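Please read these notes beside the model. They take the helices, the sheet and the salt bridges in turn.

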Amino acid sequence: MDDPVQPRSADPRPRRRDRHGRGMRGPVAPPQVPLSASRAEAFTDLVQDSVERLERRWPQLAEVDFLVLEVPPLGGPDGEWQDEAVPLGGSLPASEERPARIVVYRRPVEIRTKGRDERAALVHEVVVEQVADLLGLSPDSVDPRYGDED
């Protein structure tokens with residue numbers, strides 16, 4: 001045996017490729033790309049866009065908390081579903097302990113829409129309706145473009 005096998009060094013080398021030679025696995029898209037945003041984050045962004053659009057016209061909305069919840073809570077005294085339609089949003093007036101709140105329910109809105117544009121339009125309608133309810137106005141006076149097909 002003229003060439004003895006050299007022993008491996010004790011310090012491990014960083015692997016540049018996986019064992020099949022295809023390269024290391026990593027994220028599909030970098031974090032700053034919209035593809036990496038979850039559906040919940042994208043939905044929250046739609047609600048925030050709608051709120052910002054309305055705050056320009058109604059500065060008092062800066063004092064209102066806007067929330068996104070997955071689904072509405074069970075209704076009724078027994079905690080069971082009623083025969084009514086599932087709400088898409090809700091509003092709670094301010095109290096001594098907390099500011100006024102407007103809630104948009106993500107899953108019911110997503111189920112009723114097919115694409116991002118349709119979802120954005122429905123989210124804006126829900127936000128406008130809840131703001132109108134909270135302020136005691138009609139939705140048309142909150143947003144003159146309410147109900148228009150874009």
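**Notes on the fold and its salt bridges**

1. Helices α1 and α3 are oblique to each other. The axes of α1 and α3 cross at roughly 50° and come within 9 Å. Axes are lines fitted to C-alpha atoms, for helices over the stretch in contact, and angles run from 0 to 180 degrees between N-to-C directions. The crossing of α1 and α3 is right-handed, that is, the near helix is turned clockwise from the far one by less than a right angle.

2. A word on the basis. This is a predicted model, in which local features need pLDDT of at least 70 and side-chain atom pairs count only at pLDDT 80 or more, while totals for chains, interfaces and linings use all residues. Residues are numbered from 1 along each chain as its sequence is written, and side-chain values use heavy atoms, with hydrogens and water left out. Helices (H or I, at least four residues) and strands (E, at least two) are DSSP runs, numbered from the N terminus.

3. Which residues of α1 meet α3? Among them are Phe43, Leu46, Val47 and Leu54. On the α3 side, the residues include Ala120, Val123, Val127 and Val131. Contact means heavy atoms within 4.5 Å.

4. Now the sheet. Three strands form an open sheet in the order β1-β3-β2, and the pairing is mixed. β1 (65–69) and β2 (89–92) are the edge strands; each has a single partner, so one side of each lacks a neighbour in the sheet. Strands count as paired if DSSP finds at least two bridges between them. On average, neighbouring strands of this sheet are turned by 20° against each other, direction ignored.

5. β1 and β3 (residues 101–105) run parallel and are joined by five bridges. Asp65 stands opposite Arg101 in β3. Helix α1 (residues 39–55) packs on the sheet and touches β1 and β3. The direction of α1 makes about 155° with that of β1. Helix α3 (residues 116–135) also packs on the sheet, touching β1, β2 and β3. Its direction makes about 25° with that of β2.

6. How many salt bridges are there? The count comes to four, taking a salt bridge as a side-chain nitrogen of Lys or Arg within 4 Å of a carboxyl oxygen of Asp or Glu. Glu70, Arg106, Arg107 and Glu110 are linked in a network of them.

7. Start with Arg106 and Glu70. Their closest N and O atoms are 2.6 Å apart. This pair links distant parts of the chain: Arg106 is in helix α2 (residues 106–111), Glu70 in the loop between β1 and β2, 36 residues apart. Arg106 is buried at 8% relative accessibility, whereas Glu70 is partly exposed at 40%. Buried means under 20% relative accessible area, exposed over 50%, partly exposed in between (1.4 Å probe, protein chains only).

8. Arg106 also bridges to Glu110, with closest N and O atoms 2.9 Å apart. Both lie in α2, four residues apart, about one turn of the helix. Glu110 is buried at 9%. Glu110 meets Arg107 too, at 2.9 Å from N to O. Arg107 is partly exposed, at 28%.

Key:
Parallel < 35°, antiparallel > 145°, perpendicular 65-115°, else oblique.
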